[in-house]
Amino acid sequence: MARFWVCLAGAGFFLGFLVLHSRFCGSPVLRKFAFQISWRTKEIPYRLDVGWPKHSEYFTGATFCVAIDSLSGLVYIAQRGDNIPKVLVFTEDGYFLRSWNYTVDTPHGIFAASTLHEQSVWITDVGSGSYGHTVKKYNSFGDLVQVLGTPGKKGTSLNPLQFDNPAELYVDDTGDIYIVDGDGGLNNRLIKLSQDFMMLWLHGERGTGPAKFYIPHSVTLDSSGRVWVADRGNKRIQVFDKDTGEWLGAWDNCFTEEGPSSVRFTPDGKYVVVAQLNLSRLLLAAAPPVGSIGNCSVIGTIQLADQVLPHLLDVSGKTGAIYVAEIGAKQVQKYVPMNSNFPSFGS
């Protein structure tokens with residue numbers, strides 16, 4: 001009997017060692033093993049790509065956000081820290097291409113909005129320096145193209161436009177821009193701008209009622225023309241009509257433990273991918289049909305290691321891979337569909 005307990009304790013120690021080693025030492029083989037143990041119990045059809053990126057030593061700061069340019073096959077990562085490159089550019093295959101640091105103070109959110117004629121990268125900056133409290137557009141090599149907001153000066157004004165800790169943005173195919181402004185600052189608002197930066201509509205009041213926010217942290221669009229906002233402080237996702245700004249509904253039943261920090265859709269539009277920061281967890285929920293918001297229906301979760309802290313994520317429109325910026329682990333990790341049937345891309 002004593003031998004049984006000794007063996008059991010030894011097995012527990014070994015598994016604990018594997019998890020801790022993968023968390024703190026970055027061993028891809030052990031990280032994969034520890035990840036798949038928890039994953040099999042959830043039966044989520046994604047696997048961790050332990051070979052991405054090819055060289056993780058380029059992560060030298062706290063990785064706050066990631067954006068996928070599926071048209072060009074590029075991955076943009078923004079990190080925070082002193083005397084380090086703020087933006088890293090990789091291929092979707094994991095090869096490092098370049099980095100840049102120009103006019104980036106303290107990045108929070110990032111979005112890649114490329115066309116056949118232009119590669120552009122938008123960054124929300126929450127810094128207190130001369131480039132802070134702005135939303136900025138760059139080309140792929142880091143040249144500053146456009147600045148929205150009043151650089152270095154936070155505020156609530158709409159004319160001239162001011163931001164206070166702008167969290168994230170989304171640029172749709174027409175060039176219209178959706179900005180969630182208020183990662184703990186004075187503002188708690190969702191702003192839609194035209195492609196020539198004119199105000200189209202606004203929801204901008206702190207509160208718990210419909211179309212009010214407390215720390216709106218992430219924003220995305222679905223293929224039906226609905227705007228989805230991770231209303232983190234209120235522990236819900238709110239949904240709006242992209243043309244009129246009309247409030248369409250909210251999901252709160254999935255977020256009783258913690259609010260969502262990031263929201264995106266799979267390329268086929270069938271699933272919503274949500275990050276929960278302090279729980280170190282990703283949720284996959286069924287997207288509602290056109291004309292209905294309904295309640296959140298979770299089809300599965302991906303439990304990450306403790307203190308990984310998934311902050312913002314993005315999904316490749318080409319492969320469906322999920323890229324997660326983890327501020328606790330100071331890395332970006334890639335999760336790929338285990339088979340081509342989930343998600344059913346292009347269907």
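Two strands are said to pair if DSSP finds at least two bridges between them, and this meaning of pairing applies to the close-up views of the predicted model described below.

View 1. The open sheet to which they belong has 4 strands, placed in the order β1-β24-β23-β22 and paired in the antiparallel sense.

**View 2. Strands β12 and β13 form a hairpin.** Strand β12 (residues 189-193) pairs with strand β13 (residues 199-203) over 4 bridges, in the antiparallel sense. Across this pair, Ile191 stands opposite Leu202, which belongs to β13. The hairpin has 5 residues between the strands, and in this hairpin Phe197 takes a positive phi near 70°.

**View 3. A cis peptide bond is found between Trp52 and Pro53.** The omega angle of the bond that joins Trp52 and Pro53 is about -10°. As for its place in the chain, Pro53 lies in the loop that runs between β1 (46-48) and β2 (62-69).

**View 4. The peptide bond from Asn159 to Pro160 is also cis.** For this bond between Asn159 and Pro160, omega is near 5°. Pro160 has its place in the loop between β9 (144-148) and β10 (166-171).

**View 5. Thr103 has a positive phi although it is not a glycine.** The phi angle of Thr103 is about 55°, and this residue is found in the loop between β5 (96-100) and β6 (107-112). Is Thr103 buried or exposed? With a relative accessible area of 19%, Thr103 is buried, because buried means under 20% relative accessible area.

**View 6. Ser280, which is not a glycine, has a positive phi.** In Ser280 the phi angle is about 50°, and the residue is found in the loop between β19 (271-276) and β20 (281-286). The relative accessibility of Ser280 is 2%, and therefore this residue counts as buried.

Note on methods. Residues numbered from 1 in each chain as written. Predicted model: local features only at pLDDT ≥ 70, side-chain atom pairs only at ≥ 80, totals over all residues. Heavy atoms only, no water. Helix = DSSP H or I, 4+ residues; strand = E, 2+ residues; numbered from the N terminus. Buried < 20%, exposed > 50% of the residue type's maximum accessible area, 1.4 Å probe, protein only.
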